[in-house]
Amino acid sequence: MMRALLCSLIVGSAGAAPSAQADADAPVRDAILAAVRARMGADADVAIDHLRVPAASAQGPVQARPDPGARLGRPMRFALRTATTVGPAVAWTATAEADLRVRVPHLHTRRVVSRGDTLDEADVAIVSHEVEGPLRAWPAAEAIGRSRVLRDLGPDACLAPASLAVLPLVSAGEEVRATARVGEVVAEGRLLAADRGDRGAVIRVVNPRSRRTMKARVVGAGTVEVIHD
Ligand SMILES: [Zn+2]
């Protein structure tokens, strides 16, 4: 019995050694994943192959900010700081370097398309694979029907962000479907958007009859949710 316990203790401590470093790096790892998803979308599949972290940086929750010139396909630098909600902000002093792989769902052409074409369901398919280039969102399902292609392309071409002009989900001056929640009751109506915005953006909307201006969050194509102050 004692012998079995000793064995398990030894196995336990032997197993702890390699994971101790991984545990120490975990806050930095999580911060980098969050920073990349903030740029590339919540459905980005991010893998960190190598992470080089300064020895004393991984204490408590951390925020990471990519270098402005960060590009997928080569090692990337992130400024780090400890995330605090009280007291003075801590400077971005530490730096981590990471090799990342990111897969994102995005559009591929199904057939030949010409510069200026508006892409609809028949023109594109949604594909997911590893991508390179700057940390930015890749147009996917929501861009179908709202994008013009900026160059001539053959079938199965990868539609990187720079190859499409995508209209925002809500354009300024557009009539939008608005929902407003008052307790358990959800009211619905038509309002005019005063600003443009993509999903999650807070824009001004105007009631065309009362001329009252309100704030609303964009939740879909031509759809907003009124925010109560
Ligand atoms: Zn592609």
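G73 sits in the loop that connects β3 (71–72) with β4 (76–82). Strands here are DSSP runs of E of at least two residues, helices are runs of H or I of at least four, and both are numbered from the N terminus. Please note that this is a predicted model, in which local features need pLDDT of at least 70, side-chain atom pairs count only at pLDDT 80 or more, and totals for chains, interfaces and linings use all residues. Residues are numbered from 1 along each chain as its sequence is written.

G73 is partly exposed, because 13 other C-beta atoms lie within 10 Å. The scale is as follows: a residue with 20 or more other C-beta atoms within 10 Å of its own is buried, one with 12 or fewer is exposed, and one in between is partly exposed, with C-beta atoms placed from the backbone. The C-alpha atom of G73 is separated by 9.3 Å from that of V102, 29 residues apart along the chain.

I turn next to two further loop residues. D156 belongs to the loop between β8 (147–149) and β9 (164–166). Its phi is positive, near 55°, although D156 is a residue other than glycine. D156 is exposed, as 11 other C-beta atoms lie within 10 Å.

R211 is found in the loop between β12 (202–206) and β13 (213–220). R211 is not a glycine, yet its phi is positive, at about 65°. R211 counts as exposed because it has 8 C-beta neighbours inside 10 Å.

Finally, the chain as a whole. The protein chain has 1 helix and 14 strands, and buried residues make up 22% of its 229 residues.
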